[in-house]
Amino acid sequence: MGREALNPQVVILRQGERGSFSVLLVKRSDIYVWTIPGGQREPGESLEQAAIREVKEETGYDVTLVRKLGMYRLPHLKAMGEVFIFVGAIGGGAPEISEEIAAVRWFPVNRLPYTLLPFHREKIQAAVAGKSGLDVQQPHTFSGVAIHYLPVPWILWKMWRFYKLLKSRNSLSL
């Protein structure tokens with residue numbers, strides 16, 4: 001249904017001694033927002049292989065995929081296509097930044113950064129709740145997108161910059 005899921009992402013969780021969870025996030029160098037690690041699949045690569053590679057490239061960590069959280073369809077960001085979300089755990093490595101990533105940091109799930117993309121909050125909460133097999137349609141009308149992003153109005157400007165960046169990098173028809 002729809003476009004092929006080209007963009008895997010991984011919600012990487014760790015549980016503290018008292019049972020509380022933290023999530024690993026990366027801060028993008030281009031638009032300075034916190035996101036879940038992930039990216040585009042390369043030709044001939046499975047979603048799982050792409051997810052593991054992208055986490056290593058963006059964080060420096062080796063990740064083990066624990067389960068499939070599900071599909072998130074982003075019709076308001078056609079350049080991204082459909083995003084397949086995995087839940088993962090760290091298996092080794094050390095945090096590293098790159099040209100693409102300005103910071104790698106663990107956040108308690110009850111204290112996520114203000115500049116985290118709103119739809120990532122939903123993915124993190126679903127992962128912590130142990131959900132799997134999700135098929136989520138994100139907002140696709142102007143009013144739906146506006147309401148979705150209303151709690152964080154700064155994101156509309158950031159999303160426009162990201163949209164333009166993707167379009168210029170990939171020469172995509174959006």
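Let me start with Arg 53, which, leaving out residues up to four places away in sequence, touches Gln 40, Arg 41, Glu 42 and Glu 45. Please keep in mind throughout that this is a predicted model. Arg 53 belongs to helix H1, which covers residues 47-59, and its relative accessible area is 17%, under the 20% cut-off, so this arginine counts as buried.

From there I would like to turn to the nonpolar interior. In soluble globular proteins, nonpolar side chains tend to be buried together. Here the largest nonpolar core has 18 residues, and those touching the most other members are Val 11, Leu 13, Val 23, Leu 25, Leu 112 and Ile 124. Two or more residues of this core come from each of strand S1 (5-15), strand S2 (21-28), strand S4 (61-73), strand S5 (82-93) and helix H2. Another core, of 15 residues, lies apart from it and includes Val 26, Ala 51, Val 55 and Val 104.

What does Val 11 contact, once neighbours within four places in sequence are set aside? Its contacts are Val 23, Ile 36, Ile 85, Phe 86, Val 87, Gly 88, Lys 123, Ile 124 and Ala 127. Three residues on that list, Lys 123, Ile 124 and Ala 127, are buried residues of helix H2, which runs over residues 118-128; Pro 118, Phe 119, His 120 and Ala 126 are buried in that helix as well. After H2 comes Gly 130, which has a positive phi, near 80 degrees.

Now to the aromatic residues, where the structure holds 2 aromatic pairs. In one of them, the ring centres of Trp 34 and Phe 107 are 4.9 Å apart and the planes stand at 75 degrees, so this pair is edge-to-face. Because Trp 34 lies in strand S3 (residues 34-35) and Phe 107 in strand S6 (residues 101-108), the pair ties together parts that are 73 residues apart in sequence. Both Trp 34 and Phe 107 are buried. Phe 84 and Phe 86 make a tilted pair, with 5.1 Å from centre to centre and 50 degrees between the planes, and both of these phenylalanines are buried too.

Finally, I would point you to Arg 14, whose charged end sits over the ring of Trp 106, at 4.1 Å from the ring centre.

Terms used:
Residues are numbered from 1 along each chain as its sequence is written. This is a predicted model: local features need pLDDT of at least 70, side-chain atom pairs count only at pLDDT 80 or more; totals for chains, interfaces and linings use all residues. Side-chain values use heavy atoms; hydrogens and water are left out. Buried means under 20% relative accessible area, exposed over 50%, partly exposed in between (1.4 Å probe, protein chains only). Helices (H or I, at least four residues) and strands (E, at least two) are DSSP runs, numbered from the N terminus. A nonpolar core is a set of buried Ala, Val, Leu, Ile, Met, Phe, Trp, Tyr and Cys residues joined through side-chain atoms within 4.5 Å. Contact means heavy atoms within 4.5 Å. Rings of Phe, Tyr and Trp (its six-membered ring) pair if their centres lie within 6.5 Å; planes under 30 degrees apart count as stacked, over 60 as edge-to-face and the rest as tilted. A charge sits over a ring if NZ of Lys or CZ of Arg is within 6 Å of the ring centre and within 35 degrees of the ring normal.
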